[in-house]
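Keep the 3D view open as you read.

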Amino acid sequence: MTSAFVTRDGSKWMPQYLTVIDGTTCIGCGRCFKVCSREVMHLYGVDDAGEILGPCNGEDDDFDGELNRMIMVVDHAGRCVGCGACARVCPKNCQTHAAADKVAA
């Protein structure tokens, strides 16, 4: 399928929507969150067993001592506009994106 999207100058463009972030690779640096204007992803706490504890709402949130590390989780995928800014700043390349013509509506 050819691109159904065009930029302001008429160039063809295919958005690449963020679909998932690999929690085993993510270091929770927050760079992707900082460049995302749509709040597509948020930091979540992870325990020693690798289980996600929940969203991190503040620096003091240690989940009763269970917090081992933090990772970024895609929790509002529908907000993604496919700009790709998050992928450009990720130091671990842990994000998966899908072309707009491959993503179910």
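Phe63 is buried, at a relative accessible area of 18%. Here buried means under 20% relative accessible area, exposed over 50%, and partly exposed in between, with a 1.4 Å probe and protein chains only. This is a predicted model: local features need pLDDT of at least 70, side-chain atom pairs count only at pLDDT 80 or more, and totals for chains, interfaces and linings use all residues. Residues are numbered from 1 along each chain as its sequence is written, and side-chain values use heavy atoms, with hydrogens and water left out.

Stay with Phe63. This residue sits in the loop between β3 (52-55) and β4. Strands are DSSP runs of E, at least two residues, and helices are runs of H or I, at least four residues, both numbered from the N terminus. The phi of Phe63 is positive, near 55°. Most residues other than glycine have a negative phi. Asp64 lies in the loop between β3 and β4 too. Asp64 also has a positive phi, about 55°, and is not a glycine. Is Asp64 buried or exposed? At 79% relative accessibility, Asp64 is exposed.

Now the cysteines. How many disulfides are there? The count is 0, where a disulfide is a pair of cysteine sulfur atoms within 2.5 Å. For Cys29, the nearest cysteine sulfur belongs to Cys32, 6.2 Å away. Cys29 is partly exposed, at 32% relative accessibility. For Cys56, the nearest cysteine sulfur is that of Cys26, 11 Å away. Cys56 is buried, with a relative accessible area of 17%.

Next, the spaces. On a 1 Å grid over the protein atoms alone, a cavity is a set of points where a 1.4 Å probe fits but cannot get out; a pocket is an open set with protein on both sides within 12 Å along at least five of seven lines; lining residues have an atom within 4 Å of a point. Grid points are joined across faces, edges and corners, and a volume is the space filled by probe spheres set on the points.

The largest pocket holds about 250 Å³. It is lined by 15 residues, and those closest to its centre are Leu43, Cys56, Asn57, Gly58 and Met70. Two or more lining residues come from each of α1 (31-35), β2 (41-46) and β4 (69-74).

There is 1 cavity of 30 Å³ or more. The largest cavity has about 60 Å³ of space. Its lining includes Cys26, Cys29, Cys32, Met72, Cys90 and Cys94.
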